[in-house]
Amino acid sequence: MAIHLYNTLSAEIEEFRPLEDNQVRMHACGPTVYDYAHIGNLRTFIAVDILRRFLRQSGYNIRHVMNITDVDDRIIRNSAKAGVSVKQYTAKYEQAFLEDISTLNIEQPTLVQATDHILEMAKFIAALQKKGFAYRTEDGSYYFRIAKFPAYGKLSKKDFAGMEDGARVDVDEYEKDSARDFALWKAPKPGETSWQTPIGPGRPGWHIECSVMAMEELGETFDLHAGGEDLIFPHHENEIAQSEVVACRLPLPRTADIWLA
């Protein structure tokens, strides 16, 4: 029996056809472990778990990867305020999340942590810069130049034709209708946690993390990208832009964001 899923990219319900027979490679955006999860957060993971179980019951072999975002603006800010390392700060919230999903009988996918892939993120950003889609600012931060990617907005169906070229958004929690060059890498401020990398000291922006971890674990093209509806813009929109540039496949028609209503 054919499986039909809503494809956010096409805005249509489509028949699901994996790239390889009976093999499904799926990435789901996981938690940002700056605080305890609430029931609204967990609804998304329940929906993804139902999808995973249904696909397996339908005869597919599943490779399901989920990121743990253990570095972002809030984590940096809160860990500094608490006087502990990023790892120390996030450990209790990551453990609480795992306990929550176990209580809800959610099957645990393959988990990957952002802080374990910092060097890969730096290399990814260097590749974007080499292709002319990323630029470095005077303070050592890197941004994605949206004007170089004409298809920007195709997932969220937003029209950004009149946006100001070169305007930048520095924080991860920016407004949902704001379209500006987004941060790939943030130069460290005094007292902030940072990493030394070939592109300089600093830390990754939120959007680059998921792209790198998904592609490291599943390859440049995979079957399903799942996540909450609230992440379509800007998070998943930004993921598509940077991932398609590095993968040199414009567009990647089989990559889709989905959710279950």
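Student: In which sense do E7 and E9 pair, and over how many bridges?

Tutor: Keep in mind that this is a predicted model. E7 and E9 are antiparallel partners, joined over three bridges. To see one of them, go to Tyr142, whose bridge partner in E9 is Trp185.

Student: Which sense does the pairing of E8 with E9 have, parallel or antiparallel?

Tutor: Parallel, over two bridges, with E8 covering residues 168-169. Look at Arg168: Asp181 of E9 stands opposite. E9 also has two bridges to E10 (residues 203-204), and that pair runs antiparallel. There, Trp185 stands opposite Pro204 of E10.

Student: Is E9 mostly covered or mostly exposed?

Tutor: Mostly covered; six of its six residues count as buried. As a general idea, nonpolar side chains in soluble globular proteins tend to be buried together.

Student: What is Leu184 in contact with, leaving aside neighbours within four places in sequence?

Tutor: Its partners include Ile125, Leu128, Phe144, Ile208 and Gln242. Ala134, Tyr142, Tyr143, Pro204 and Gly205 are in contact with Leu184 too.

Student: Now the helices. At roughly what angle do the axes of H4 and H5 cross?

Tutor: Roughly 105°, and the axes of H4 (residues 118-130) and H5 (residues 206-218) come within 10 Å. Angles of 65 to 115 degrees count as roughly perpendicular, so H4 is roughly perpendicular to H5. From H4, the contact uses Glu120, Met121, Phe124, Ile125 and Leu128. H5 brings Ile208, Glu209, Ser211, Val212, Met215 and Glu216. By class, that is seven nonpolar, one polar and three charged.

Student: How do H4 and H6 pack, and at about what angle?

Tutor: Their axes are 10 Å apart, at an angle of about 75°, so H4 is roughly perpendicular to H6. Phe124, Ala127 and Leu128 of H4 meet Gln242, Ser243, Val245 and Val246 of H6.

Student: How many charged residues does the contact of H4 with H6 have?

Tutor: None: the residues there are five nonpolar and two polar. For the contact of H4 with H5, the charged count was three.

Conventions: Residues are numbered from 1 along each chain as its sequence is written. This is a predicted model: local features need pLDDT of at least 70, side-chain atom pairs count only at pLDDT 80 or more; totals for chains, interfaces and linings use all residues. Side-chain values use heavy atoms; hydrogens and water are left out. Axes are lines fitted to C-alpha atoms, for helices over the stretch in contact, and angles run from 0 to 180 degrees between N-to-C directions. Helices (H or I, at least four residues) and strands (E, at least two) are DSSP runs, numbered from the N terminus. Angles under 35 degrees count as roughly parallel, over 145 as roughly antiparallel, 65 to 115 as roughly perpendicular and the rest as oblique. Contact means heavy atoms within 4.5 Å. Ala, Val, Leu, Ile, Met, Phe, Trp, Tyr, Cys and Pro count as nonpolar, Asp, Glu, Lys and Arg as charged, and the others, Gly among them, as polar. Buried means under 20% relative accessible area, exposed over 50%, partly exposed in between (1.4 Å probe, protein chains only). Two strands pair if DSSP finds at least two bridges between them.
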